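Let's take a friendly walk through a protein chain together. Have a look at the sequence and the fold first, and then read on.

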Amino acid sequence: MKVEKETRKLLQKAVQRRRKLRATMHKLTVGSPKEEGSETTASLMDNLMGLLRVHVKRGVNLAVRDVRSSDPYIVVKMGHQRLKTRIVKKDVNPEWNDDLTLSITDPNIPIKLTVYDHDTFTKDDKMGNTEFEVSPYIEALKTHTNLDEIPNGTVLSRLQPSASNCLAQESPIYLNEGKIVQDLVLRLRNVECGEVEIQLEWIHFPGSKAFLSH
């Protein structure tokens, strides 16, 4: 099936990223470090809870770092994983609509986003940073497993902005076309202004350990 092929490709990419991070893979790999092929893949499958698709929608009222505008892009980090969006030229309200996929082995590791202004001849300027926890989203996934019984659009839980998080407004976790998703509007820190809008979507695959207890 098309969905299975897409999931397989994402898993292969996740494995390739992990192989490059030897320090991390040393903890996950079973047996000799020389036997990276099948051993590494098996080890990753044993530890991998699933894949998280981070849909980076847009930036809102980002800071100006050039003369009148900025050329923003976002770097997303979780542990040793590092991904980035494309660059949008001369726009402080950029529409990225980029999908970035992270492999999740520990839901307690925060996901961090940093906005940069791309410069051709000098070092890229920072335009603020933010972060969020994925654990509330995963808890919702564990709690609501019988999705066929839930009407589309049903809000399963809501996260409220507070001093302990970077939410700019209420963050709903809800059912959308048979999938549980979470919308987040994140305020940027260490900058004069700006917010980033993202959506989370979980990618299941056979044998993942995330929901074995259900």
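The report below goes from the whole chain to its strands, and then to a few individual residues.

**Before we start.** You are looking at a predicted model, in which local features need pLDDT of at least 70 and side-chain atom pairs count only at pLDDT 80 or more, while totals for chains, interfaces and linings use all residues. Residues are numbered from 1 along each chain as its sequence is written, and side-chain values use heavy atoms, with hydrogens and water left out.

**The whole chain.** The chain has four helices and 10 strands; these are DSSP runs numbered from the N terminus, with helices being H or I of at least four residues and strands being E of at least two. Reading from the N terminus, the order of elements is α-α-α-β-β-β-β-β-β-α-β-β-β-β. Of the 214 residues, 45% are buried (buried means under 20% relative accessible area, exposed over 50%, and partly exposed in between, with a 1.4 Å probe and protein chains only). A contact means heavy atoms within 4.5 Å. Among contacts between residues at least 6 apart in sequence, 58% join residues at least 24 apart.

**A well-covered strand.** Strand 1 (residues 50–60) is mostly covered, as nine of its 11 residues are buried. Strand 1 is joined to strand 4 in the antiparallel sense by eight bridges, and to strand 10 (residues 195–203), also antiparallel, over nine bridges. Two strands count as paired if DSSP finds at least two bridges between them.

Four strands form an open sheet in the order 3-2-5-6, with antiparallel pairing. At the edges are strand 3 (81–84) and strand 6 (125–132), each of which pairs on one side only. Neighbouring strands here are turned by 20 degrees against each other on average, direction ignored. Those angles come from axes, which are lines fitted to C-alpha atoms (for helices over the stretch in contact), and run from 0 to 180 degrees between N-to-C directions. Strand 5 (residues 111–117) and strand 6 run antiparallel and are joined by six bridges. In this pairing, Y116 stands opposite K126 in strand 6.

Which two residues have rings that make a stacked pair? The structure holds one aromatic pair. The ring centres of Y73 and Y116 are 5.5 Å apart and their planes are at 20 degrees, so the pair is stacked. (Rings of Phe, Tyr and Trp, the last by its six-membered ring, pair if their centres lie within 6.5 Å; planes under 30 degrees apart count as stacked, over 60 as edge-to-face and the rest as tilted.) The pair links distant parts of the chain, with Y73 in strand 2 (residues 72–78) and Y116 in strand 5, 43 residues apart. Y73 also has a charged neighbour: the charged end of K84 sits over its ring, 5.5 Å from the centre. For that label, NZ of Lys or CZ of Arg must be within 6 Å of the ring centre and within 35 degrees of the ring normal.

Most residues other than glycine have a negative phi. K90 has a positive phi of about 45 degrees and lies in the loop between strand 3 and strand 4 (95–104). E177, with a positive phi near 55 degrees, is in the loop between strand 8 (171–176) and strand 9 (179–187).

Here is how four of these residues compare in accessibility.

| Residue | Relative accessible area | State |
|---|---|---|
| K90 | 71% | exposed |
| E177 | 68% | exposed |
| Y73 | 7% | buried |
| Y116 | 18% | buried |
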